[in-house]
Amino acid sequence: MTTTEVINPATEEVLRTVELCDEAAVDDAVARAVDAQRRWARSAPAERAAALRSFAAVVDAHVEELAALEVANSGHPIGNARWEAGHVRDVLQYYAAAPERLSGSQIPVAGGWNVTFNEPLGVVGVITPWNFPMTIASWGFAPALAAGNAVLVKPAEWTPLTTLRLGELAAEAGLPAGLFQVLPGRGSVVGERFVTHPGVRKIVFTGSTEVGTRVMAGAARQVKRVTLELGGKSANIIFDDCDLERAAATAPYGVFDNAGQDCCARSRILVQRNVFDRFMELLEPAVQGVAVGDPRVEGTEMGPLVSKKHWDTVSSYVPDDAPVAFRGAAPSGPGFWFPPTVLTPGRGDRTVTEEIFGPVVAVLPFDDEADAIALANDTAYGLSGSIWTDNVSRALRVSRAVEAGNLSVNSHSSVRYSTPFGGFKQSGLGRELGPDAPLSFTETKNVFLAVEDAVSEEL
Ligand code: NAD
């Protein structure tokens, strides 16, 4: 049996040793899931709704425990981790309404009746990254279960603990055995087997664009459905007519949340040239004011990076001669700490084009609206972004022109469970969350029923 040690990134201590699944374990899990799914799909919609509400209630009763586990495993600040656990509950509650609302449609045709059914796919494989382990898992498993599917989740190697606990809580809530299984393991073993196993009918993959491309290519061999949520290099565009104080005060939280390990991180700040210097003056104290430290302490805003390996990657973007404008604070001693870092590189620098996935932001000047849009779109990614302006027409024009799936005006909000989430271009394929998510876990079946004409009588 292969095992892996799970490390607390704030202390570097070993938290737990986790057994990793092999291919045979995946095959067994798929067989159990196929069986459980058939019964689940046949059960009454109201029964499935009630089961999801019970799961939500059990998660709610364990919010503090799940949050503490995420603090220890991922180094998320306790306030953030509590929000994440509560978000899993809310996502389950929201999709608990879906089983009784997947109503299909009736379409008028000649010669009979035509109705459509939203049939479940069967078994869905959810592959998650390490940055938001439980929330991202719930975006896949909640709507998939609601639509009548069974779900297998493979958490990331570094951060499996909260997902494993959610698997136990699902059983405690009374979800049928085999319907929702968590399979910790390597991407190259468990993840690959999800892709190659013909019994897994859809892959929901969240992670890097590199691995997502590979998953999509593998899935193509079986015309397997995929949803991909991949990388980002989002822009925070600051126009000279905005509330510059607010834009500067909030910019650090648009990029340094979760230590920048956020696919929606606004890791490029684009500032209109005539207010660039003033913006930088305002940004400096805001960056230095980010509370970086022990993630268990209430009020901490930023914890450590997830691992030493990731710390090395992020550090490689800030060599000694990097164009550092200023940096925030970070603790010394054990833990994978990295201070919030503000760079002023040239447009072609790799810190401007590559996803760093750490607390490093590039600030660049632009000349006018057209230049801002061109610069914002000069990336292979297209996940999110922010637009700061007090001009409503400009806000609408620029929102329509930026090629990204999730934009916010005068705010950095990206994720609400009731609104769709996903990327343009190489940031992904398909959408999660929002009212339509369960439909992406169904096939539309069309049925025509011929109706014979009545024996004609005089009218
Ligand atoms: P990653 O691609 O290295 O790994 C993601 C998952 O894929 C892990 O569970 C991993 O074990 C698995 N995996 C690895 N190789 C595989 C293979 N050959 N087949 C199947 N699965 C395999 O990504 P990561 O480093 O864990 O996460 C960071 C990345 O995720 C960033 O690029 C970030 O932008 C992205 N992300 C995107 C979103 C979004 O919603 N768009 C959200 C969070 C993170």
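1. In this predicted model, the side chain of Glu355 places an N or O atom 2.5 Å from an oxygen atom of the ligand. Glu355 is also listed among the closest residues to the ligand, together with Thr128, Glu157, Ser208 and Leu230.

2. Trp130 contributes a polar side-chain atom at 2.9 Å from a ligand oxygen. At Gly207 a polar backbone atom is 3.2 Å from an oxygen atom of the ligand. On its own the ligand has 850 Å² of accessible area, of which the protein covers 89%.

3. The site of the ligand is the largest pocket.

4. In total, 28 residues surround the ligand. Sorted by class, this shell holds 14 nonpolar residues, eight polar residues and six charged residues.

5. Both domain 1 (3-230 + 427-447) and domain 2 (235-409) take part in the shell around the ligand, with at least three residues from each. By these bounds, the shell draws on domain 1 as well as domain 2.

Conventions: Residues are numbered from 1 along each chain as its sequence is written. This is a predicted model: local features need pLDDT of at least 70, side-chain atom pairs count only at pLDDT 80 or more; totals for chains, interfaces and linings use all residues. Side-chain values use heavy atoms; hydrogens and water are left out. A residue is near a molecule or strand if one of its heavy atoms lies within 4 Å of it. A polar contact is a pair of N or O atoms within 3.5 Å; within protein, one must be able to donate a hydrogen and the other to accept it, and residues adjacent in sequence count only if both atoms are side-chain atoms. Accessible areas come from the Shrake-Rupley method with a 1.4 Å probe; for residues, only the protein chains shown count as cover. On a 1 Å grid over the protein atoms alone, a cavity is a set of points where a 1.4 Å probe fits but cannot get out, and a pocket is an open set with protein on both sides within 12 Å along at least five of seven lines; lining residues have an atom within 4 Å of a point. A molecule sits in a cavity or pocket if more than half of its atoms lie within 2 Å of its grid points. Ala, Val, Leu, Ile, Met, Phe, Trp, Tyr, Cys and Pro count as nonpolar, Asp, Glu, Lys and Arg as charged, and the others, Gly among them, as polar. Domain bounds come from an automatic or database domain assignment.
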